[in-house]
Amino acid sequence: MTQRVGVVRFPGTNCEFDTIDAIRSLDGEAEVLWHGQYDLKNVDAIVIPGGFAHGDYLRCGAIAKFSPIMDSINSFAQDGGPVLGICNGFQVLTEAGLLPGALQKNAGMKFLCSMQQIEFVSTSNVLGHQSTAGDRLLIPINHFEGNYVCSPEVLTQMQAENRIVFRYTDNPNGSTADIAGICNQAGNVVGMMPHPERATSHLLGSTDGNSLLKSLLAA
Amino acid sequence: MHFEVKVEVSPREGIANPEGSTIERALPALGFVTAGNVRVGKVIRLQVEADSSDDAKSLVEDMCSRFLSNPVIEDSLVEVLEE
């Protein structure tokens, strides 16, 4: 059972405390890891939370790949360590080359902030241990650049390898193939635009994020 | 030698450019009914030290492919302006 989760903070990250609270509410341990350090403090899993790493300058996530901690996260991921990128964290993972494709501005040019229904497409990854394919979850989105794009070849390959983790049932942002989340070949690195840490209590309107975070804790 | 270089980063052909489409839809309101295919990108200007104009260009092209543009969604055009 994974016990300790490192939650990465870049300058401009703003969802680290929500994420830490959510993990602690599930009896996991969580602590902030500063982007300027190499030390992952022996955590069992990494979350790159939402926000605006390095002010989203140049492109969302583009500057973050130069942060020292990304070198360590690269090695951690290659060794099979569980890594979850949420929203801006997903953008960081694509820019860092840990996940394919890119996230461009929403079709419709609107910042979207709403509860969204997503469906598990593949559960063969660190978020899927408590779920079965076809499960539908209510998880909020909160983004301007969430329109997932990749080449047709990459899409075909990901479909063949069961790497599309979530799809929107009602595509809000124009994402290719309704993609809301994907994973790497090994299934230990997942990126998703919706925010599971904001769907962890009835007060927030949904508790569907809990099963995803519990799965990460058990990965 | 110092070279002044201009980089134009634009959305790749076939990639939706919602910003351009939005501007395109707004132009007719001002009477500009003949405008089409509006694409929005960005311009980056920088100075580099290199032995020749060609060297300056290839240096900045390398920056583009690895950092200044995201080849998944963007094209880049490098122009060396002056020494």
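Me: Phe10(A), buried or exposed?

Reply: Buried: this is a predicted model, and in it Phe10(A) has 2% relative accessibility, which is under the 20% cut-off and therefore counts as buried.

Me: Where does Phe10(A) sit in the fold?

Reply: Phe10(A) is in a loop of chain A, the one between β1 (4–9) and α1 (16–25).

Me: And what does Phe10(A) touch?

Reply: Leaving aside residues up to four places away in sequence, Phe10(A) touches Trp34(A), His35(A), Ile48(A), Ala53(A), His54(A), Ala64(A), Ser67(A), Ile69(A), Met70(A) and Val92(A).

Me: Which residues pack against Ile73(A) by contact?

Reply: With residues up to four places away in sequence left out, Ile73(A) touches Val8(A), Leu40(A), Ile46(A), Ile48(A), Val83(A) and Leu98(A). Ile48(A) is on the contact list of Phe10(A) too. As for Asp39(A), its C-alpha is 9.6 Å from that of Ile73(A), at 34 residues apart in sequence.

Me: Switching to strands. Why call β10(A) largely enclosed?

Reply: Because five of the five residues in β10(A), residues 179–183, are buried, the strand is largely enclosed by the rest of the structure.

Me: What does β10(A) pair with?

Reply: Strand β9 (residues 164–168) of chain A runs antiparallel to β10(A), joined by three bridges. Strand β11 (residues 189–192) of chain A also pairs with β10(A) in the antiparallel sense, again over three bridges. Gly181(A) in β10(A) takes part in both pairings: Phe166(A) stands opposite it, and Met192(A) is its bridge partner in β11(A).

Me: How many residues are in the turn between β10(A) and β11(A)?

Reply: Five residues lie between the two strands of that hairpin, and Gly187(A) in the turn has a positive phi of about 85°.

Me: Aromatics next. How many ring pairs does a search of the whole structure find?

Reply: Three aromatic pairs over all chains. In one, Phe66(A) and Phe67(B) have ring centres 4.8 Å apart and planes at 90°, so the pair is edge-to-face. That pair crosses between chains, with Phe66(A) in the loop between β3 (45–48) and α2 of chain A, and Phe67(B) in helix α2 (residues 53–68) of chain B. Phe67(B) has 24% relative accessibility, so it counts as partly exposed.

Me: What kind of pair do Phe90(A) and Tyr148(A) make?

Reply: A stacked one, because the planes of Phe90(A) and Tyr148(A) are at 10°, with the ring centres 6.0 Å apart. The pair links distant parts of the chain, 58 residues apart: Phe90(A) is in helix α3 (residues 88–95) of chain A and Tyr148(A) in strand β8 (residues 147–149) of chain A. Both residues are buried.

Me: Over to chain B. What's the strand order in its three-stranded open sheet?

Reply: The order is β2-β1-β3 of chain B, with antiparallel pairing. β2 (42–49) and β3 (74–82) are the edge strands, each with a single partner, so one side of each has no neighbour in the sheet. On average, neighbouring strands are turned by 25° against each other, direction ignored.

Me: How many bridges join β1(B) to β2(B)?

Reply: Eight, between β2(B) and strand β1 (residues 2–11) of chain B. In that pairing, Lys6(B) stands opposite Arg45(B).

How values were computed:
Residues numbered from 1 in each chain as written. Chains lettered and ligands numbered in written order. Predicted model: local features only at pLDDT ≥ 70, side-chain atom pairs only at ≥ 80, totals over all residues. Heavy atoms only, no water. Helix = DSSP H or I, 4+ residues; strand = E, 2+ residues; numbered from the N terminus. Buried < 20%, exposed > 50% of the residue type's maximum accessible area, 1.4 Å probe, protein only. Contact = heavy atoms within 4.5 Å. Pairing = 2+ DSSP bridges. Phe/Tyr/Trp six-rings, centres within 6.5 Å; stacked < 30°, edge-to-face > 60°. Axes fitted to C-alpha atoms, helices over the stretch in contact; angles between N-to-C directions.
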